[in-house]
Amino acid sequence: MKPKTPKTKVTQDAQDLLEHAKHAWPHDPEKAVRLVKKARRLAMKHRVHLDAKSFCRKCHVPFASDTLLVRQNRRTQTVLYACRKCNTTRRIPYKRKPIHA
Ligand SMILES: [Zn+2]
């Protein structure tokens, strides 16, 4: 059996791919999507966590200022991340820190 790649290395590799995708997005969207898919496949294979806020889970577009819409909902204490390409939305809850007297 092939020895396992350390998870820290896999995470780093996947993050590098996402970083490349982000840079490739403005001039080569197809390449960017390919890189995001590759990063995701790698992360799933090694079961490591990827930052959900760096790309769209549906159309694999890397999130940048022209592809991402962020809204905060104070009532439900969530942040809404919407993809501007396919209109997929994700709600990520946050917790307000208690104020210490
Ligand atoms: Zn999308």
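What follows is a chat about the fold of one protein chain in a predicted model.

Reader: What is in the chain, in terms of helices and strands?

Author: The model is predicted, and its protein chain has 2 helices and 3 strands. Along the sequence they come in the pattern α-α-β-β-β.

Reader: What box do the C-alpha atoms fill?

Author: Taken along the principal axes, the box is roughly 55 × 35 × 20 Å. The radius of gyration of the protein chain is 16 Å, while a compact globule of 101 residues would have one near 13 Å.

Reader: And how many of the residues count as buried, as a percentage?

Author: The figure is 18% of the 101 residues.

Reader: What about contacts between residues 24 or more positions apart?

Author: Such pairs make up 40% of the contacts with a separation of 6 or more in the protein chain.

Reader: Ok, the core. Which residues touch the most other members of the largest nonpolar core?

Author: Those are Leu18, Ala21, Val36 and Ala39, in a core of 16 residues. Both α1 (7-24) and α2 supply at least two residues each to this core. The element that gives the most is α2, with 6 residues. As a general point, nonpolar side chains in soluble globular proteins tend to be buried together.

Reader: What does Val36 touch, not counting residues up to four places away?

Author: Val36 touches Leu18 and Ala21, and also Phe55, His60 and Pro62.

Reader: Where is His60, then?

Author: His60 sits in the loop between α2 (29-45) and β1 (68-73).

Reader: What about Cys59, where is that?

Author: Cys59 is placed in the loop between α2 and β1. Cys59 has 14 other C-beta atoms within 10 Å, so it is partly exposed.

Reader: Which residues is Cys59 in contact with, leaving aside neighbours within four places?

Author: They are Cys83, Lys85 and Cys86.

Reader: And how many Å separate the C-alpha atoms of Cys59 and Arg40?

Author: The separation is 12 Å, for two residues 19 apart along the chain.

Reader: Changing topic: the strands. How many bridges join β1 to β2?

Author: There are 6 bridges, and the two strands run antiparallel.

Reader: How many residues of β1 are buried?

Author: The count is 0 among the 6 residues of β1, a strand that is hardly covered. In general, side chains in a regular strand alternate between the two faces of the sheet.

Reader: What lies between the strands in the hairpin of β1 and β2?

Author: That hairpin has 4 residues between its strands, and Gln77 takes a positive phi there, near 55°. The loop that holds Gln77 runs between β1 and β2 (78-83). Gln77 is not a glycine, despite the positive phi.

Reader: Is Gln77 buried or exposed?

Author: Gln77 is exposed, because it has 12 other C-beta atoms within 10 Å, and 12 or fewer is the cut-off for exposed.

Notes. Residues numbered from 1 in each chain as written. Predicted model: local features only at pLDDT ≥ 70, side-chain atom pairs only at ≥ 80, totals over all residues. Buried ≥ 20, exposed ≤ 12 C-beta atoms within 10 Å, placed from the backbone. Rg over C-alpha atoms; globule rule 2.2 N^0.38 Å. Contact = placed C-beta atoms within 7 Å. Core = buried A, V, L, I, M, F, W, Y, C linked by C-beta atoms within 7 Å. Pairing = 2+ DSSP bridges.
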